[in-house]
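Here is a set of questions and answers for someone meeting this structure for the first time. Each answer sets a value beside the rule behind a term.

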Amino acid sequence: MELKWMLCVLLLGLSWSATLAQEEGDDVDIDVEDEVGDADEAAVESEDAAPSSPPPPRVTYKPPVPTGDVYFAESFDKGTLDGWVVSKAKKEDADEEIAKYDGQWAVEEMKSSRLPGDKGLVLKSRAKHHAISGKLKRPFVFDTKPLIVQYEVNFQNGIDCGGAYVKLLSKTPDLDLDQFVDKTSYTIMFGPDKCGEDYKLHFIFRHKNPKTGEYEEKHAKKSETDLRTYYSDKKTHLYTLVLNPDNSFEILVDQTVINSGNLLSDMSPAVNPLPEIEDPDDQKPEDWDERPKIQDPDAVKPEDWDEDAPAKIPDESAVKPEGWLDEESEYVSDPDALKPEDWDEEMDGEWEAPQIANPKCEAAPGCGTWERPMIDNPDYKGKWKAPMMDNPNYQGVWKPRKIPNPDFFEDLHPFRMTPFSAVGLELWSMTSDIFFDNFIVCSDRAVAEQWANDGWGLKQAAEGAAEPGLVGQMMTAAEERPWLWVVYVLTGALPVFLIVVFCCSGKKTPSDAKYKKTDAPQPDVKDDAEEKEKKTEGEEEEEEEVEVEAEEEKPAPEEKQTSDGEDSPANKSQDEGEEEDEENDDAANKTDEIKDDDVLRRSPRNRKQRKD
């Protein structure tokens with residue numbers, strides 16, 4: 001029974017998992033219109049057209065509109081680059097051929113767009129420098145409001161080596177978007193970057209040293225999340241940076257937090273320097289002893305120490321094996337070898353046949369001059385060295401002394417960064433057709449989330465509606481990974497096997513009637529078989545007559561019920577756990593003894609024994 005219950009629980013678990021998977025696949029809250037194209041209508045109206053599956057539902061695209069105050073919002077659905085400035089600068093310290101920022105930008109739909117009318121900014125060129133920027137409605141000042149930066153990226157052709165990060169360009173008097181280059185001052189850099197097998201999601205901010213006025217880049221700790229999928233699945237992903245006035249930050253991909261921390265404790269290098277540093281002018285004294293162990297100066301080499309004794313000596317007890325062929329060499333010239341026809345003795349020298357193992361040595365213990373084998377020399381000790389001892393003058397490992405850090409400062413509010421007034425993309429990529437869309441900079445998280453739902457959420461809904469069903473996805477996955485067929489077969493066969501085992505392996509429960517006590521004599525199967533072999537025809541007839549007489553002499557049903565009334569099946573079942581009244585037991589036992597004696601007396605076998 002325990003096995004059956006375990007099988008039941010397993011079957012219920014499989015059914016529950018399948019139900020959850022189906023619910024997750026069906027749980028999409030989107031505005032879907034079941035529109036069928038003209039070609040589909042013609043196919044339905046045509047009588048000769050082959051039946052086809054219904055077209056996937058179409059998602060109606062509506063350009064997102066900010067629901068609150070924003071500093072910057074761009075969906076590119078107007079189809080132009082109005083408001084954006086393409087850089088005309090040249091990169092310093094680069095070859096003339098690649099120094100220009102001449103990479104092409106375009107506003108267009110994605111190659112596999114499921115939302116007609118949804119456009120984005122596309123990086124069109126490969127192996128070129130790209131730079132484009134757009135001004136904010138007003139500069140963002142880091143005071144009491146959080147900063148939220150959000151945008152979408154789709155690597156339509158995958159990505160080999162290149163970035164898709166955004167820079168928040170610092171508000172400076174000399175900011176010129178026409179000359180936007182890699183060295184243009186920025187406050188924050190955020191977004192994906194990949195080269196080779198190094199997958200990154202940058203969050204870098206430039207911190208101003210309050211003492212020197214210099215800027216230093218501070219990098220967020222690396223996320224523990226595996227980022228590979230975001231670069232290889234060719235889907236649109238949403239990147240969000242949330243920076244709060246309390247110095248905490250969150251990095252989200254597709255509205256899921258993949259990294260978080262604090263500007264004071266989770267940046268490298270640290271925002272605030274150490275209060276003490278090692279004195280750069282301090283030098284180790286000449287007599288400083290850092291040796292923890294030294295050789296014992298009082299140790300003396302023992303007189304019997306032989307430094308010249310060899311490590312190996314011949315084994316004097318060894319004896320040359322019988323049959324050793326001293327006159328034969330281990331290798332001989334191959335008698336079947338022939339000099340190549342093109343062999344030139346003037347150029348190649350005198351030809352010699354190659355050496356092969358001497359066939360005469362195969363059956364012998366050895367060939368050639370026999371030498372005693374070498375063994376370890378028991379007297380070998382090697383060069384004598386004085387034993388090591390603790391150094392009484394050991395002073396430890398020397399370190400420079402600590403002095404107050406002259407550059408020390410304590411900035412408890414690194415959130416108060418340099419204000420920025422523009423958003424820019426300054427990128428180099430070996431892959432083209434990187435798709436950007438739906439940039440937003442604001443201070444209200446609800447505004448950013450609604451913008452994401454109206455933009456990225458709609459893309460997700462459209463991609464989900466166009467994706468094949470569960471069976472199609474399984475088939476596609478199995479084509480890429482054939483070993484999944486084994487999983488599918490096992491998953492499908494296991495429930496069937498468990499059902500068969502559950503339904504067919506149970507034992508039949510015997511009827512209660514078979515356990516009912518009866519006064520009728522029970523046949524002895526084994527004895528009957530033996531009797532049949534020994535019976536004669538006369539004996540068989542005699543037994544039949546006796547059985548008829550016994551049948552006639554059986555008590556009437558009422559008498560049987562009366563005699564068995566106190567020993568009914570119900571009472572019999574209760575006798576297993578309870579004690580019956582002694583008088584009833586005695587009466588029942590006496591009745592059984594009388595009837596058993598009567599049965600034995602009337603039994604054909606007993607009668608036969610008496611007759612014999």
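Patches are made of residues with over 30% relative accessible area and no salt bridge, where like charges are joined within 9 Å and nonpolar side chains (Val, Leu, Ile, Met, Phe, Trp, Tyr) within 5 Å. This is a predicted model, in which local features need pLDDT of at least 70, side-chain atom pairs count only at pLDDT 80 or more, and totals for chains, interfaces and linings use all residues. Residues are numbered from 1 along each chain as its sequence is written, and side-chain values use heavy atoms, with hydrogens and water left out.

Q: Which residues gather in a patch of negative charge on the surface?
A: The patch of negative charge is formed by Glu 341, Asp 342, Asp 344, Glu 346 and Asp 348. Asp and Glu count as negative, Lys and Arg as positive, while His and the chain ends are not counted. The place of a charge is taken as CG of Asp, CD of Glu, NZ of Lys or CZ of Arg.

Q: Why is Asp 344 called partly exposed?
A: Buried means under 20% relative accessible area, exposed over 50%, and partly exposed in between (1.4 Å probe, protein chains only). Asp 344 has 33% relative accessibility, so it counts as partly exposed. Asp 344 is in the loop between strand E21 (331-333) and helix H5 (345-348); helices (H or I, at least four residues) and strands (E, at least two) are DSSP runs, numbered from the N terminus.

Q: Is Gln 156 buried or exposed, and why?
A: Gln 156 counts as buried because its relative accessibility is 11%. Gln 156 is found in the loop between strand E8 (147-155) and strand E9 (161-163).

Q: What does the side chain of Gln 156 reach?
A: The side chain of Gln 156 reaches the backbone nitrogen of Lys 111 at 2.8 Å. A polar atom of that side chain of Gln 156 also lies 3.0 Å from the backbone oxygen of Asp 433. A polar contact is a pair of N or O atoms within 3.5 Å; within protein, one must be able to donate a hydrogen and the other to accept it, and residues adjacent in sequence count only if both atoms are side-chain atoms.

Q: What makes the pair Asp 69 and Arg 138 a salt bridge?
A: A salt bridge is a side-chain nitrogen of Lys or Arg within 4 Å of a carboxyl oxygen of Asp or Glu. For Asp 69 and Arg 138 the N to O distance is 2.6 Å. The pair links distant parts of the chain, 69 residues apart, with Asp 69 in the loop between strand E2 (58-59) and strand E3 (70-74) and Arg 138 in strand E7 (residues 128-140).

Q: How many salt bridges are there by this rule?
A: The count comes to 30 salt bridges. Among them, Asp 198 pairs with Lys 200, with the closest N and O atoms 3.5 Å apart.

Notes: Areas by Shrake-Rupley, 256 points an atom, 1.4 Å probe, with all protein chains shown as cover.
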